[in-house]
Protein chains: 2
Amino acid sequence: MTTAFRNWQAVQQEVLRRIHAREWAPGDLIPNEADLASEFGCARATVNRALRAVAEAGLLDRKRKAGTRVALQPVARATLSIAVIRQEVEEKGARYGYALLERSMTRPPAPVRAALNTADATLLHIRALHFADGAPYALEDRWINPQGAPGVLDQPFETTSANEWLLEHTPYTRGDIALSAQSATVAEARDLGCDAGAALFALTRNTWNGPVAVTRVRLLFAPGHSMQADL
Amino acid sequence: MTTAFRNWQAVQQEVLRRIHAREWAPGDLIPNEADLASEFGCARATVNRALRAVAEAGLLDRKRKAGTRVALQPVARATLSIAVIRQEVEEKGARYGYALLERSMTRPPAPVRAALNTADATLLHIRALHFADGAPYALEDRWINPQGAPGVLDQPFETTSANEWLLEHTPYTRGDIALSAQSATVAEARDLGCDAGAALFALTRNTWNGPVAVTRVRLLFAPGHSMQADL
């Protein structure tokens, strides 16, 4: 006999307690939401909200038809929000600035061709700097497939960044990102105004519209950058 | 008159087209799912799946009661999956190894006290190395609040890592992570077997069980590490 649970946080605590006490062991199917709502004396929506939170923390595996099981290997999930760089800078309360460094039609190096699967095609290559309060914030090195971004060849990208234009004008259906740490090369250090060899946070992103590559970008952030997310 | 849309990807393409063509402009409320399903000649669940994908790409804002609007500022969302380190190493096909470097009860430095809000309390300090195929993979520097992790003081952490034990035994209700790049100090370089000053990918995570801090950990990964996610 359980007393009524008032809110989803209380249900979440009880679900966590059962998992950690092994009353519900790894791999076990747990009771369905309706049964739990009845046991806890609360609405089914309250149970749903609590189970969702525990699943997001990686302790439950929810399958639409097969029900909910205690995870065999807990995997925490964190959601990163990736805004247009101008917006990111402005949200930090800083003044945004932008400078185009290079704009050319070039055959990309092999790793870019392989990542975008564009074979021998010539792509639009953009290098640009983003500033926060006049200091370099991020160095953008981008390849754009004109076939995946109609209209892109008409854009000078002298005042509006490709980062911003593409997000507003070019649809994509899927993408992937990789986050890493890189030592600044001499050229990158000069662009970013830091020491060569400084540890830089790097974000590489590929996007696709169906089977057609849209763009590949590598952003190198000035030293001290960090990316936050809630678990 | 629109012909019937066979699958959610086709609906997604049409939704993206309307957004990018400004038929649906930033801030506009779009038709509800039932109306779109009727227009597209498909099931409402198909529309729901398509709108969810476009919302995850940051182009739509969905509010339960207020309906779905075209985002004013597109923000892409990426989900990171953070597994137990042993599991992460094994999924790369490598042999996992573990070594405890330090285990002590200590008053943490000010930034840790501030992050965990534990005032003057003495916390359990753990430093450990995780290996992949015998090579250092990640250096763990962790503070554990015994009040937030009952039973932790009985754990030697000599063969099982705190990373693994906590995920299995200690509930948490919320947390945050920060990702950054750091230059290896001389001591970190010695532990990780790399050059001092090498660019290291760093993950700092704080977790809480309700109002009580559970743990703060900083993982420094050996050079070359990257973290991937789908957009």
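Colleague: How many helices and strands does chain A have?
Modeller: This is a predicted model, in which local features need pLDDT of at least 70 and side-chain atom pairs count only at pLDDT 80 or more, while totals for chains, interfaces and linings use all residues. Residues are numbered from 1 along each chain as its sequence is written, chains are lettered from A and ligands numbered from 1 in the order in which they are written, and side-chain values use heavy atoms, with hydrogens and water left out. Helices (H or I, at least four residues) and strands (E, at least two) are DSSP runs, numbered from the N terminus. Counted in this way, chain A comes to seven helices and 10 strands.

Colleague: What is the radius of gyration of chain A?
Modeller: The radius of gyration is taken over C-alpha atoms, and the globule rule used with it is 2.2 Å times the number of residues to the power 0.38. Along the principal axes, the C-alpha atoms of chain A fill a box of roughly 70 × 35 × 30 Å. For a compact globule of 231 residues the radius would be near 17 Å, but for chain A it is 24 Å.

Colleague: What percentage of the residues in chain A is buried?
Modeller: With a 1.4 Å probe and protein chains only, buried means under 20% relative accessible area, exposed over 50%, and partly exposed in between. Of the 231 residues in chain A, the buried ones make up 51%.

Colleague: Which three residues supply more than any other three of the area that chain A buries against chain B?
Modeller: Contact means heavy atoms within 4.5 Å, and the contact takes 54 residues from chain A and 54 residues from chain B. Buried area is the accessible area (1.4 Å probe) that two parts lose on being put together, summed over both, and for chain A and chain B this is about 4,500 Å², with 54% of it on carbon and sulfur atoms. Of the area that chain A buries, 14% is supplied by three residues, namely A:His20, A:Tyr172 and A:Leu231.

Colleague: Is B:Asn117 buried or exposed?
Modeller: B:Asn117 lies in the loop between helix H5 (110-116) and strand S5 (123-132) of chain B, and its phi is near 55 degrees, a positive value in a residue other than glycine. Because its relative accessible area is 64%, B:Asn117 counts as exposed.

Colleague: What is the relative accessible area of B:Ala119?
Modeller: B:Ala119 also lies in the loop between H5 and S5 of chain B, and its phi, near 50 degrees, is a positive value in a residue other than glycine. B:Ala119 is exposed, with a relative accessible area of 54%.
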